[in-house]
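Please have the structure open while reading.

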Amino acid sequence: MRIGSVVLIIWLIIGALAAGQRGYYNGSVGSCTKAGTIAVTILTGPLNYVGVNPKIDCSIPRPSK
């Protein structure tokens with residue numbers, strides 16, 4: 001169990017570094033699109049360095065009048 005935990009932590013750290021290198025942490029996280037892209041980039045971890053470039057596009061429905 002310890003090895004799996006260590007691998008998971010290293011995986012997420014590599015993903016966080018990739019998001020930082022892409023400049024996703026600059027400015028504020030003002031939309032669900034930016035927050036989703038950051039989260040998916042962190043979750044894909046080392047796959048970012050073999051060509052995976054995840055992007056999330058989301059829109060929030062507006063309330064009816």
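**Disulfide and helix contact**

Cys-58 is partly exposed, with a relative accessible area of 28%. The model is a predicted one. Cys-58 is joined to Cys-32 by a disulfide, and a search of the whole structure finds one such link.

**Disulfide**

- The sulfur atoms of Cys-32 and Cys-58 are 1.9 Å apart.
- The link of Cys-32 and Cys-58 is right-handed, with 140 degrees about the S-S bond.

**Packing of α1 and α2**

- Two packed helices are described by the angle between their axes and the distance between the axes.
- Helix α1 (residues 2-21) and α2 have axes that come within 6 Å and cross at roughly 135 degrees.
- That angle makes α1 oblique to α2, because only angles over 145 degrees count as roughly antiparallel and 65 to 115 as roughly perpendicular.
- The crossing of α1 and α2 is right-handed.
- On the α1 side, the contact is made by Trp-11, Leu-12, Gly-15, Ala-16, Ala-18 and Ala-19.
- On the α2 side, the contact is made by Thr-41, Ile-42, Leu-43 and Thr-44.
- By class, the contact of α1 with α2 has seven nonpolar and three polar residues, and no charged ones.

How values were computed. Residues numbered from 1 in each chain as written. Predicted model: local features only at pLDDT ≥ 70, side-chain atom pairs only at ≥ 80, totals over all residues. Heavy atoms only, no water. Disulfide = S-S within 2.5 Å. Buried < 20%, exposed > 50% of the residue type's maximum accessible area, 1.4 Å probe, protein only. Axes fitted to C-alpha atoms, helices over the stretch in contact; angles between N-to-C directions. Helix = DSSP H or I, 4+ residues; strand = E, 2+ residues; numbered from the N terminus. Parallel < 35°, antiparallel > 145°, perpendicular 65-115°, else oblique. Left-handed = near helix turned anticlockwise from the far one by under 90°. Contact = heavy atoms within 4.5 Å. Nonpolar A, V, L, I, M, F, W, Y, C, P; charged D, E, K, R; others polar.
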